[in-house]
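Please read it alongside the sequence and the structure shown here.

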Amino acid sequence: MSRHALQLAGVVICVVSTMAFTGGAADMDRMAEAIRTEATLPNAGPQGRPLPLATAWCSGTHAWSEGWRPVHQLERIEQGHFLLPWFAHPGRGQELDEKAEAAFREYYEAPIKRAAELHLPLTFIASQWESVLTHGQWFKLPPEQNPHVVTPEGKIKKMMSPFGPIAPWREAGRTFTDNTRMRLLQEWYPDPPLVIFLSNNEHPKLRWHKVETSKRYMDTYGEGHDADFKRKVVADGWIERYRALQAGMREGLDNANWRQTAKFVAYSADGPEYFGRWGGWVHYSLHSPGRISPYPLMWDGGSPSYYTHEWCPTTDHRTWSRQVEFMNTVFMLEDAYELNPDWWYEFSTWDGHEWPWRKETPSKVMVY
């Protein structure tokens with residue numbers, strides 16, 4: 001993805017600066033300490049709010065994004081830039097043949113070991129972990145054991161259910177960390193101050209206004225409940241299941257320090273910044289009385305999108321704009337901190353640029 005992110009532990013500031021830097025060992029220690037300090041400060045402490053660090057969704061695993069490879073990130077840090085190092089989440093396989101091991105080591109080993117020398121925090125970027133439930137053996141389970149939506153007619157849909165069995169979520173989560181590649185990373189860097197596991201969080205899920213298409217919901221609750229009730233039971237179901245997924249990932253880590261410092265963060269896991277924009281906004285929200293969003297109970301942090309999307313007429317110079325919508329995040333963050341004082345907040349930015357340009361959906365930069 002060509003989405004860039006500013007990762008912030010609790011503050012919305014789009015400024016990244018560089019320090020006076022000569023490249024000596026003392027400067028590198030100061031640089032690493034500054035990054036480490038800001039990434040691990042509490043949201044409300046005597047030192048004030050943490051300052052921002054820059055990172056990106058592009059992890060250098062494709063030819064067009066090789067400039068974002070971790071080895072280049074560490075070079076930029078050594079030049080005085082405040083970056084939070086990020087890596088693609090490694091594969092789940094237990095066996096590494098000679099070619100796979102060479103590719104793995106070429107991408108990870110030197111930058112992970114350099115990050116260890118500097119004692120830097122880490123981020124591992126994934127797609128959506130729960131998708132393995134759909135594409136793995138769990139989708140083949142019988143309806144009563146299946147974590148997906150089961151219709152009243154008994155059909156299993158490729159869509160996650162907030163009412164299905166929880167055990168598969170925990171089992172699936174463990175596969176992402178209980179594997180050969182992740183064990184090597186922990187061996188190379190045994191004591192990181194912070195490890196963020198970042199999910200793209202876009203796998204299909206049952207929406208609250210469709211719950212009566214779920215056999216489990218109908219069997220448990222029946223018809224006739226209002227929207228607040230439906231949103232709450234769906235949200236409560238997601239909280240339990242996503243925390244089980246993360247618990248499995250945490251349990252799969254060999255290193256106690258990694259287990260302790262791990263945070264699980266999700267793209268678009270935030271209060272609805274489109275709050276009140278049009279009548280249908282409620283269909284995409286899980287608000288209920290006393291809770292604008294369940295995400296601070298589902299995750300350790302969220303990464304909403306500050307995008308001038310190519311598919312809609314938002315720009316920076318219209319009322320329908322990201323800067324107006326993001327004003328909603330101010331009160332939503334207050335609510336998030338009430339539910340989860342350690343909530344990690346970041347946001348992803350994108351100017352709508354698409355390449356190559358297409359006539360049917362031109363790059364947003366052409367709008368300006």
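How many cavities of 30 Å³ or more does the count come to? In this predicted model, the count comes to 1 cavity of 30 Å³ or more.

**Cavity and pocket**

The largest cavity holds about 120 Å³ of space. It is lined by 13 residues, and those closest to its centre are D270, G271, M332, L333 and A336. Helix α12, which spans residues 328-339, gives the most to this lining, with 5 residues. Sorted by class, the lining of the largest cavity comprises 8 nonpolar, 3 polar and 2 charged residues.

The largest pocket, for its part, contains about 970 Å³ of space. Of the 40 residues that line the largest pocket, R207, S268, Y274, Y284 and Y295 are the closest to its centre. Two or more residues of this lining come from each of the elements α8, α10 (295-298), β10 (305-307) and α11 (322-325). The lining of the largest pocket divides into 20 nonpolar, 11 polar and 9 charged residues.

**The pairing of α5 and α8**

Helix α8, named above among the elements that line the largest pocket, covers residues 227-252, and its axis comes within 6 Å of the axis of helix α5 (residues 167-175), the two crossing at roughly 35°. The crossing in which α5 passes α8 is right-handed. On the α5 side the contact is made by W169, R170, A172, G173 and R174, while α8 brings in W238, R241, Y242, A244, L245, A247, G248, M249, E251 and G252. By class, this contact of α5 with α8 has 8 nonpolar, 3 polar and 4 charged residues.

| Residue | Relative accessible area | State |
|---|---|---|
| V150 | 4% | buried |
| H203 | 8% | buried |
| E109 | 18% | buried |

Where is V150 placed? V150 belongs to strand β5, which runs over residues 148-150, and V150 counts as buried because its relative accessibility, 4%, falls under the 20% limit. Leaving out residues up to four places away in sequence, V150 touches P143, K155, I156, T213, S214, K215 and R216.

H203 is found in the loop between β7 (195-199) and α7 (215-220), and its relative accessible area of 8% makes it buried. Which residues is H203 in contact with, leaving aside its neighbours within four places in sequence? H203 is in contact with Q128, E130, S131, T134, H135 and M160. One of these, E130, is 73 residues from H203 in sequence, and the C-alpha atoms of H203 and E130 are 7.2 Å apart in space.

E109, finally, is placed in helix α3 (residues 98-118). Is E109 buried or exposed? E109 is buried, because its relative accessible area of 18% is under the 20% limit. Apart from residues up to four places away in sequence, E109 touches F104 and W188.

Terms used. Residues numbered from 1 in each chain as written. Predicted model: local features only at pLDDT ≥ 70, side-chain atom pairs only at ≥ 80, totals over all residues. Heavy atoms only, no water. 1 Å grid on protein atoms, 1.4 Å probe; cavity = no way out; pocket = protein on both sides within 12 Å on 5 of 7 lines; lining within 4 Å. Points joined across faces, edges and corners; volume = space filled by probe spheres on them. Helix = DSSP H or I, 4+ residues; strand = E, 2+ residues; numbered from the N terminus. Nonpolar A, V, L, I, M, F, W, Y, C, P; charged D, E, K, R; others polar. Axes fitted to C-alpha atoms, helices over the stretch in contact; angles between N-to-C directions. Left-handed = near helix turned anticlockwise from the far one by under 90°. Contact = heavy atoms within 4.5 Å. Buried < 20%, exposed > 50% of the residue type's maximum accessible area, 1.4 Å probe, protein only.
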